[in-house]
Amino acid sequence: MPANFDCVVFDLDGVVTQTSKVHTKAWTATFNEYLQKRDGDGYKPFTEEDYLKFVDGKPRYDGVTDFLKSRDITIEHGDPSDAGDKLTVCGIGNRKNDMFLEVLKAEGVEPYDTTVRLLRELEAAGIPRGVASSSKNCQFVLQTAKIEELMMTRVDGVVSAEIGLKGKPQPDIFVTAAKNLGFTPDRTIVFEDAVSGVQAGKNGNFALVVGLAREDNEKELKENGADIVFPDWGSNTIEDLDKWVAAKKAGTL
């Protein structure tokens, strides 16, 4: 067993599964549809930069609110039961979710092989691991990718709504996942790919925050709380994780 950490908590989209790009496409289509109806053909489109800055990693309705705020747009929050054609924060968020699920059901879900390898190595070593995600589709995605059994706990958008957890960049979902596994943040490693997620890891004082820069955003992840950043997990090992935690403690990472 490692000397410097006891468990690992993974974000889902962009870390475990290749669903981040599906989210980007669904958000882009949803917001551009709304903006065009609101502003006409001269509307300013939603961009990948908007996605990374205002939406990525956040609970669905928070993402809608933060993006619209960036455009000085204020609409009613509405109710989570709002249909996707209702022009409320919840309606827009639900429209995006409808688009996201349509793509997943049609195309399926592919996990990142290197992350799955790490999950299986952790399982073989007897090291607890879990998933913490803002998504309310987390369980569906894990089941579709056929990797749900690799996670010993799941704290997602459904659980957060049930017990009142705050979304990223607050650390609540990661802290709760670690607690469910029986450990404290100072003995837990977090894997994230979003700015709001590494901020959550930093805010929670976790043993190590590993950033996976799937969007060529190494600099942003490092500046916002990641202790170490890679474009992919690659051939790194559990022993490397233990070494990096020790180096962080010693101030030499």
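**Entry 1: strand 5 and its partners.** I began with the pairing of strand 5 and strand 6 (residues 228–230), which run in the parallel sense over 3 bridges. This is a predicted model, and I read every entry below with that in mind. Looking up who faces whom, I noted that Gly-211 has Val-229 in strand 6 as its bridge partner.

I then turned to strand 4, which pairs with strand 5 in the parallel sense over 4 bridges.

How many of the residues of strand 5 are buried? I found that 5 of the 5 residues of strand 5 (residues 208–212) are buried, so the strand is largely enclosed by the rest of the structure. Both faces are covered, with Leu-208, Val-210 and Leu-212 buried on one side, and Val-209 and Gly-211 buried on the other.

**Entry 2: helix 5.** I checked the length of helix 5 (residues 113–125) against expectation: at 1.5 Å a residue its 13 residues should span 18 Å, and because its end C-alpha atoms are 18 Å apart, the two agree. The buried residues that I listed in this helix are Thr-114, Thr-115, Val-116, Leu-118, Leu-119 and Leu-122. An α-helix has 3.6 residues a turn, so residues three or four places apart point the same way. What covers the buried residues of helix 5? Their cover includes strand 1 (7–10), strand 2 (129–132), strand 4 (188–192) and helix 11 (238–250). Just after the helix, I noted that Gly-126 takes a positive phi of about 75°.

**Entry 3: Phe-54.** I located Phe-54 in helix 2 (residues 48–55). Its relative accessible area is 18%, under the 20% limit, so Phe-54 counts as buried. Leaving aside neighbours within four places in sequence, I found Phe-54 in contact with Gly-63, Asp-66, Phe-67 and Ser-70. I also looked up Thr-74, which is 20 residues from Phe-54 in sequence and 15 Å from it in space, C-alpha to C-alpha.

**Entry 4: cysteines.** My search of the whole structure for disulfides returned 0. Cys-7 is in no disulfide, and the nearest cysteine sulfur, that of Cys-138, lies 16 Å away. Cys-7 is buried, with a relative accessible area of 0%, and Cys-90 likewise counts as buried at 0% relative accessibility.

Technical notes:
Residues numbered from 1 in each chain as written. Predicted model: local features only at pLDDT ≥ 70, side-chain atom pairs only at ≥ 80, totals over all residues. Heavy atoms only, no water. Helix = DSSP H or I, 4+ residues; strand = E, 2+ residues; numbered from the N terminus. Expected span 1.5 Å × (residues − 1). Buried < 20%, exposed > 50% of the residue type's maximum accessible area, 1.4 Å probe, protein only. Contact = heavy atoms within 4.5 Å. Disulfide = S-S within 2.5 Å. Pairing = 2+ DSSP bridges.
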